[in-house]
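Please look over the sequence and the model shown here before reading on. The paragraphs that follow lead from the whole chain to a few of its parts.

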Amino acid sequence: MSPRPEEAAMRREVVKRIETVIKDLWPTADVQIFGSFSTGLYLPTSDIDLVVFGKWERPPLQLLEQALRKHNVAEPYSIKVLDKATVPIIKLTDQETEVKVDISFNVETGVKAARFIKEYMKKYSLLPYLILVLKQFLLQRDLNEVFTGGISSYSLILMAISFLQLHPRIDARRADENLGMLLIEFFELYGRNFNYLKTGIRIKNGGAYIAKEEIMKVMTNGYRPSMLCIEDPLLPGNDVGRSSYGAMQVKQVFDYAYIVLSHAVSPLARSYPNRDSESTLGRIIKVTQEVIDYRAWIKKKWGSKINLSPELDNRLKIRDQIAPCNGEQNNNRDSESSYNQRLTLSLASTQQLSSGSSASSVSSLSGSDIDSDTPPCTAPNVYQFSLQAPTQLMASLPPALPMPSGKPQSAPTRTLIMAASNQV
């Protein structure tokens, strides 16, 4: 689901149309992009976030709403003015592209957050790929928005950054690190091992897990730490997860994904009746035909406009290497190599499975969640994965996996491929 160049070109046109309307009203106003379009971490259906900076005593929401209606920028009845919200905004759907846009006034936090995220994207090269998969996973379960009970993109990104900061076994900064391994271990941490009742997440100063009692000492306006407590690295005293009232639902689906993926890469997977027709990642992520058709329409209409703004391209570009599978094969689909990468998971030799491995290893996948009184993070799972682009689809598994013992085993590494068709 990585952003494609033509999708960036389409979104730039949307921004340009709205910016033209704003500049007609206020020639000295400054329009800036923030959020997922600014960082490049957007899905095909993600919103565009804009902020307008100018000199007003109160945000001129109604004035801009009237101008947008006059210029027929938005779909009829799609413009909504939310002037009672914590951050007053105008919401609309672009008439030509069906892209949703949120417009706010004089709010600097979003721009600062985008800049903050970009810095960590430079530090952890695998962060964008991990986020795109997780965002699609939550999107299809209606858990990607705070007002539906899910978590915000900012919360998800901070959780991923914390995971990479405190990962106990690997150097997450390595560009060749295994994405499949990180994905399963992320699901294990936040689906099973993290102590939501007592522990908060801190990003600053290298990252840490801290007791909620400590966080509460610096919180403002009498707030108490939420269930998903994430200390805002840009606004001390603010709990980013405060409004995520469905955080436990997110925990449950993360646990579900951990179980499904762990089983899918275990030796038992060879007996699955649909092993040859369904990809590993496709067991937890599906992409609708509507989204596939929408992306094809974008590519056809905007494919010739991808070089209109090289500066913005360079700022937003993310290598198009990860695309979740929908579990189906179609010989008629576009086969361009740039959209035909694959996630390859190498099932590690049994030397990595020892008697001291995690309680949530292959032999105990059906076990219940770890009690909340345990430490917030235990040793993550023991699978070894790699990220490659093989030339053909194949899946081979060892005929049997010996029970782990105290001595290292020498069984050879096998591979299981998660195909990522360019259709998504």
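Of the 424 residues of the protein, 52% count as buried, where buried means under 20% relative accessible area, exposed over 50% and partly exposed in between, computed with a 1.4 Å probe on protein chains only. This is a predicted model, in which local features need pLDDT of at least 70 and side-chain atom pairs count only at pLDDT 80 or more, while totals for chains, interfaces and linings use all residues. Residues are numbered from 1 along each chain as its sequence is written, and side-chain values use heavy atoms, with hydrogens and water left out.

The protein has 11 helices and 9 strands; these are DSSP runs, H or I of at least four residues for helices and E of at least two for strands, numbered from the N terminus. Among contacts (heavy atoms within 4.5 Å) between residues at least 6 apart in sequence, 73% join residues at least 24 apart.

Helix 5 (127-139) has 13 residues and reaches 18 Å from its first C-alpha to its last, close to the 18 Å expected at 1.5 Å a residue, the expected span being 1.5 Å times one less than the number of residues. Because 12 of its 13 residues are buried, helix 5 is largely enclosed by the rest of the structure. Its buried residues include Tyr129, Lys135, Gln136 and Phe137, and what covers the buried residues includes helix 2 (36-39), helix 4 (109-123), helix 6, helix 7 (179-193) and helix 9 (247-264).

Lys286 lies in the loop between helix 9 and helix 10 (289-302), and Lys286 is partly exposed, with a relative accessible area of 36%.

Ser152 lies in the loop between helix 5 and helix 6 (153-165). Leaving aside neighbours within four places in sequence, Ser152 is in contact with Val146 and Ser244.

Two packed helices are described by the angle between their axes and the distance between the axes. Helix 1 (residues 5-25) and helix 3 (residues 61-70) pack at an angle of about 120°, with their axes 10 Å apart, which makes helix 1 oblique to helix 3; angles under 35 degrees count as roughly parallel, over 145 as roughly antiparallel, 65 to 115 as roughly perpendicular and the rest as oblique. Axes are lines fitted to C-alpha atoms, for helices over the stretch in contact, and angles run from 0 to 180 degrees between N-to-C directions. Here Ile18, Val21, Ile22 and Leu25 in helix 1 meet Leu63, Leu64, Ala67 and Leu68 in helix 3.
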